[in-house]
Amino acid sequence: MRESMSDAQKPEGGSIKHDVSVPVSKIPEFMAEAEAGVLQAIPGARICAFGHLGDGNIHYNISQPVGADKAQFIERWRDINHIVHGIVLSHGGSISAEHGIGQLKRDELASIRPGIEMELMHRIKTAFDPAGIMNPGKVVQI
């Protein structure tokens, strides 16, 4: 069932997707707060959360309201990420779970992690990849 969730969402129009994690004990609070925040921002949005709740990883997807314009809904991606990620962080969670930071969250990572952590990531990347040829432009740029 889990593997068919993305395909099942496609006919519903646009989807703003999140791969987040929160401590297992905080899942109910996160779910309630995230739903309230998302619905306040986009009334009629449809929450489609699924995944690995037993370890705190959640695919927190949001489908566009029925009849909404897909492009206008997707334009709200950054706003909705800010809401969802803010709630995740307030519960001691991570904006990244099983799928990693990747390109979409790269810039956000730098704004939420202490400077020393980012510096250490750059140092490690430089030590292992001084020419910047391994996975260039992804999580850590040199």
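Tutor: A residue is called exposed when its relative accessible area is over 50%, and buried when that value is under 20%. Please note that the model is predicted.

Student: Why is Phe-128 called exposed?

Tutor: Phe-128 has a relative accessible area of 66%. The cut-off for exposed is over 50%, and therefore Phe-128 counts as exposed. Phe-128 belongs to helix α6, residues 115–128.

Student: Which residues make the nonpolar surface patch with Phe-128?

Tutor: Ile-124, Ile-133 and Met-134 form the patch together with Phe-128, and the patch covers about 490 Å².

Student: What makes strand β4 mostly covered?

Tutor: Strand β4 spans residues 57–63, and seven of its seven residues are buried. Asn-57, His-59, Asn-61 and Ser-63 point one way, while Ile-58, Tyr-60 and Ile-62 point the other way. In a regular strand, side chains alternate between the two faces of the sheet.

Student: How do you know that β3 and β4 pair?

Tutor: Pairing requires at least two bridges between the strands. Strand β3, residues 46–52, has seven bridges with β4, and therefore the two pair, in the antiparallel sense. Within β4, Ile-58 stands opposite Gly-51.

Student: Which strand is joined to β4 by two bridges?

Tutor: That strand is β1, residues 15–16, which runs antiparallel to β4. Ser-15 has Ser-63 of β4 as its bridge partner.

How values were computed. Residues are numbered from 1 along each chain as its sequence is written. This is a predicted model: local features need pLDDT of at least 70, side-chain atom pairs count only at pLDDT 80 or more; totals for chains, interfaces and linings use all residues. Side-chain values use heavy atoms; hydrogens and water are left out. Patches are made of residues with over 30% relative accessible area and no salt bridge: like charges are joined within 9 Å, nonpolar side chains (Val, Leu, Ile, Met, Phe, Trp, Tyr) within 5 Å. Accessible areas come from the Shrake-Rupley method with a 1.4 Å probe; for residues, only the protein chains shown count as cover. A salt bridge is a side-chain nitrogen of Lys or Arg within 4 Å of a carboxyl oxygen of Asp or Glu. Helices (H or I, at least four residues) and strands (E, at least two) are DSSP runs, numbered from the N terminus. Buried means under 20% relative accessible area, exposed over 50%, partly exposed in between (1.4 Å probe, protein chains only).
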